[in-house]
Amino acid sequence: MKKKILSVLLAAAMVGSLTVGCGSNSSEEKKDTAPTTEEGKETTEETEAKTETITSVAKKEGDTFTVGFDAEYPPYGYMDDNGDYTGFDLELAQAVCDLKGWKLVKTPIAWDSKDMELNSGSIDCIWNGFTMNGREDDYTWSDPYVDNSQVMVVSESSGIKDLAGLSGKIVGVQASSAALELLQDEEGQKKLADTFATLQEFPDYNSAFVELQAGSVDAIAMDVGVAKYQLETRGEGYAILDEELNTEKYAIGFRKDDTGTRDQVNEALKELVKDGTFTKLAEKYDIADMVCLKAE
Amino acid sequence: MNLLEMNHIKKHFDDLEVIKDISLSVREGEILSIIGPSGSGKSTLLRCATMLETIDGGEIRYLNDRAVYMGENGRAVMPKGADAKRIYSYFGLVFQNFNLFPHYSVLKNVMDAPLHVQKRDKAEVKKEAMEWLDKMGLADKADAYPYQLSGGQCQRVAIARALASNPKILFFDEPTSALDPELTGEVLKVIKSLADLHITMVIVTHEMQFAKDISDRVIFMDKGVIAQEGTPEAVFSSDNARMKEFLGRFNQN
Amino acid sequence: MDFTKILEMLAGGMLKSMGIFILTLVFSLPLGLIISFGRMSKNKIVSFIVKIYISVMRGTPLMLQLLVVFFGPFYLWEANIGGPYRFIAVILAFALNYAAYFAEIYRSGIESMPSGQYEAAQILGYSRAQTFFKIILPQVIKRILPAVTNEVITLVKDTSLAFAIAYTEMFTLAKQIAAKETTFVPFIVAAVFYYIFNLLVAVIMEHAEKKLNYYQ
């Protein structure tokens with residue numbers, strides 16, 4: 001997925017250099033008006049080089065700490081009754097900022113653009129029920145703080161009881177999600193996914209659940225925490241299969257070279273575990289049985 | 001004094017020579033008609049005189065003020081800026097298709113150029129505009145829009161508009177050709193009334209009787225040259241073969 | 001979240017959508033005119049460059065252009081794209097995109113003007129600027145108004161694309177509330193908001209067309 005986004009961006013950057021050049025009259029920028037293929041390649045290399053040269057600077061008191069999150073991902077990040085962004089992850093981020101004297105900026109992002117947002121520095125981290133398994137080398141990770149699992153949600157009336165029962169069925173999954181990556185990974189659950197009739201991608205859980213209710217999909221793969229929230233708010237009629245797709249861990253994803261901020265956040269998280277804030281928040285969001293961060 | 005002098009004018013479109021070395025002049029107070037078959041170059045000559053076309057050779061002077069001449073690169077030099085403003089103020093043009101501004105009322109069509117090009121006093125301009133409209137028999141149409149008028153009325157507004165800028169010389173490019181036959185009379189009548197005001201006019205027309213009646217001088221053009229020139233009596237009774245053929249065709253129609 | 005709160009939230013989001021809408025028009029309508037001059041320029045290089053610009057803007061998705069305008073400065077020049085740039089990028093991308101469409105609409109209108117209007121103005125001594133702004137442009141506006149109305153209505157709906165670079169306008173808020181409430185109610189409210197706004201736009205444009213009907 002990341003590669004796909006990168007390639008789209010590079011194509012876009014080339015288009016961009018063209019359009020920017022056309023829009024201006026200054027002789028300096030006119031050089032960019034007609035990029036040849038070779039110039040295009042140079043841009044590619046430059047882009048990759050630059051991505052890696054953002055220096056890691058630890059934050060000071062009074063600095064802003066910008067968290068990128070998907071605001072359609074309860075209970076980790078979502079909009080509360082007052083229209084403010086909240087959730088377990090965002091409250092935890094607030095607690096970290098309080099401790100460090102940072103100003104928290106909550107930036108809801110388009111999940112598909114999360115890597116561009118992070119690499120360009122418009123956000124400091126992705127903190128939003130972000131699965132680290134399978135993405136270990138793509139980010140600088142904090143200590144994992146939630147034991148998550150990917151599960152299948154089916155409608156109770158479907159009669160599907162286990163993963164084998166999904167053979168020949170239509171299975172839905174959120175685009176760009178960890179569940180999708182897992183189902184496409186040779187070392188993950190690709191073999192299982194190959195038994196499905198179709199693996200259908202959805203932009204959000206609302207449309208997925210309506211299709212499940214309508215019977216146009218037979219099951220939806222998602223994080224267990226999300227599944228619990230959905231089942232609780234939607235009421236009767238759905239079931240989570242006991243058999244899990246995998247177990248994995250949530251952590252906070254930082255820019256590849258940004259170990260400075262990562263270390264500061266890790267340190268703060270440990271303190272929050274020690275003073276009990278972490279557990280209190282986990283209980284508030286009903287995920288106390290899933291958290292895995294220890295003080296030591 | 002000669003209001004207009006055109007010396008050795010040449011004009012071609014691609015390979016087609018439309019004006020072949022024509023010279024003519026117009027005296028103050030004179031009424032000159034230009035007649036001739038279609039394609040003889042009479043409208044093009046008028047468009048060259050009014051600088052709607054760029055000449056390929058020769059020189060044009062208004063009131064001895066050089067308007068268009070040939071530059072060193074062999075191309076015509078058109079007036080620019082303040083020169084253009086002065087030279088355009090010497091003449092007016094009435095088009096075959098009126099070319100009124102459809103989004104302006106009749107009065108605004110007449111007033112706008114004196115007001116915003118010549119920057120004259122508004123009250124004075126309005127008074128004069130109303131006088132011209134009155135002379136054209138259109139005083140009651142001052143607030144109407146061009147689309148509400150007949151073709152004849154439109155052409156009379158166009159004449160008033162041309163006169164409102166107080167030109168020294170007024171050109172007419174086939175002023176009745178776009179009109180229904182029953183409407184040409186009213187326009188010709190108006191042009192005749194201008195003759196009584198001693199306004200200098202150059203008229204390209206197909207109305208032979210009108211040309212005969214009104215003109216001090218008639219030019220018969222054929223194939224890009226002046227084939228006959230003189231008093232109406234002399235030109236219309238000339239034994240020039242082309243002129244006879246042309247008039248003969250007219251009389252048949 | 002109760003229904004009044006949803007209404008209140010989405011009304012707030014609508015203001016942001018309207019902000020995109022109004023600023024895009026403020027910048028793209030004049031810019032489109034300038035671009036149309038470039039497109040009609042006698043200078044072949046200028047008209048060719050502008051032609052390519054229009055072709056790229058109309059030939060690639062607005063969503064991709066938003067990504068390029070927002071992330072491009074960082075990837076190309078390592079520019080800081082934090083802070084207010086997100087909103088600036090939204091307006092920039094929308095204005096650049098819509099200006100290309102408007103430029104072609106202006107061009108069609110200007111090129112449809114009979115040459116007699118220019119000639120009459122020239123003979124009467126109007127300057128080039130006077131000819132364009134007093135004689136040509138008012139008539140062009142009347143001619144192109146229906147085509148402009150089409151674009152303007154499309155723009156209202158296109159504002160929802162701003163979320164591609166994480167600018168939370170009304171539709172994004174509707175999605176977020178829908179995720180939290182696990183219902184489609186916010187989308188219905190959003191649809192009603194869009195419809196009412198477009199109705200308003202249509203009424204205003206119709207009124208403008210009627211006002212210009214004083215001549216033919």
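**Entry 1: chains in contact.** I began with the chains of this predicted model, and I found that of the two pairs of chains in contact, chains A and C share the most contacts. I then looked up chain A against chain B and noted that these chains do not touch, their nearest C-alpha atoms being 27 Å apart.

**Entry 2: chain A as a whole.** I counted eleven helices and 13 strands in chain A, a chain of 296 residues, of which 53% are buried. I also looked at how far along the sequence the contacts of chain A reach: taking those between residues at least 6 apart in sequence, I found that 76% join residues at least 24 apart.

**Entry 3: the two domains of chain A.** I looked up the domain assignment of chain A, and it gives domain 1 as 64-145 + 251-284 and domain 2 as 149-248. I noted a distance of 25 Å between the C-alpha centres of domain 1 and domain 2 of chain A. To the contact between them, domain 1 of chain A brings 14 residues and domain 2 of chain A brings 15 residues.

**Entry 4: cavities.** I asked myself how many cavities of 30 Å³ or more a search of the whole structure finds. The search gave five, and for the largest cavity I wrote down a volume of about 100 Å³. I looked through the residues that line this largest cavity, and among them I found Asp70(A), Tyr73(A), Trp111(A), Arg135(A), Gln174(A) and Asp223(A). Sorted by class, the lining of the largest cavity has four nonpolar, five polar and three charged residues.

**Entry 5: the largest pocket.** The pocket is lined by 30 residues, and the closest to its centre are Tyr118(C), Gln122(C), Ser127(C), Arg128(C) and Thr131(C). I then asked which elements give two or more residues to the lining of the largest pocket, and I found helix H2 (81-88) of chain B together with helix H5 (115-123) and helix H6 (128-158) of chain C. H6(C) gives the most to this lining, with five residues. By class, I noted 16 nonpolar, nine polar and five charged residues in the lining of the largest pocket.

**Entry 6: helix H8 of chain A.** I followed helix H8 of chain A, residues 205-214, and found that Tyr205(A), Asn206(A), Ser207(A), Ala208(A), Phe209(A) and Leu212(A) are buried there. At the start of H8(A), I saw that a side-chain oxygen of Asp204(A) comes to within 3.2 Å of the backbone nitrogen of Asn206(A). After H8(A) comes Gly215(A), and I noted that the phi of Gly215(A) is positive, near 85°.

**Entry 7: Asp84(A).** I found Asp84(A) in the loop between strand S2 (78-79) and strand S3 (85-86) of chain A. Is Asp84(A) buried or partly exposed? With a relative accessible area of 44%, Asp84(A) counts as partly exposed, because that class lies between under 20% for buried and over 50% for exposed. Leaving out residues up to four places away in sequence, I saw that Asp84(A) touches Tyr78(A) and Met79(A). I also looked up Lys106(A), which stands 22 residues from Asp84(A) along the chain, and the C-alpha atoms of the two are separated by 9.9 Å.

**Entry 8: two serines of chain B.** I looked up Ser40(B) in the loop between strand S3 (31-35) and helix H1 (42-49) of chain B. Ser40(B) has a relative accessible area of 2% and is therefore buried. Its side chain reaches the backbone oxygen of Pro37(B) at 2.7 Å. Not counting residues up to four places away in sequence, Ser40(B) touches Val18(B), Met221(B), Asp222(B), Lys223(B) and Gly224(B).

I then looked up Ser238(B), which sits in the loop between helix H8 (232-236) and helix H9 (241-252) of chain B. Ser238(B) is also buried, with a relative accessible area of 12%. I noted a polar contact at 3.4 Å between the side chain of Ser238(B) and the side chain of Gln228(B). Beyond its neighbours within four places in sequence, Ser238(B) is in contact with Gln228(B), Met243(B) and Lys244(B).

Notes
Residues are numbered from 1 along each chain as its sequence is written. Chains are lettered from A and ligands numbered from 1 in the order in which they are written. This is a predicted model: local features need pLDDT of at least 70, side-chain atom pairs count only at pLDDT 80 or more; totals for chains, interfaces and linings use all residues. Side-chain values use heavy atoms; hydrogens and water are left out. On a 1 Å grid over the protein atoms alone, a cavity is a set of points where a 1.4 Å probe fits but cannot get out, and a pocket is an open set with protein on both sides within 12 Å along at least five of seven lines; lining residues have an atom within 4 Å of a point. Grid points are joined across faces, edges and corners, and a volume is the space filled by probe spheres set on the points. Ala, Val, Leu, Ile, Met, Phe, Trp, Tyr, Cys and Pro count as nonpolar, Asp, Glu, Lys and Arg as charged, and the others, Gly among them, as polar. Helices (H or I, at least four residues) and strands (E, at least two) are DSSP runs, numbered from the N terminus. Buried means under 20% relative accessible area, exposed over 50%, partly exposed in between (1.4 Å probe, protein chains only). A polar contact is a pair of N or O atoms within 3.5 Å; within protein, one must be able to donate a hydrogen and the other to accept it, and residues adjacent in sequence count only if both atoms are side-chain atoms. Contact means heavy atoms within 4.5 Å. Domain bounds come from an automatic or database domain assignment.
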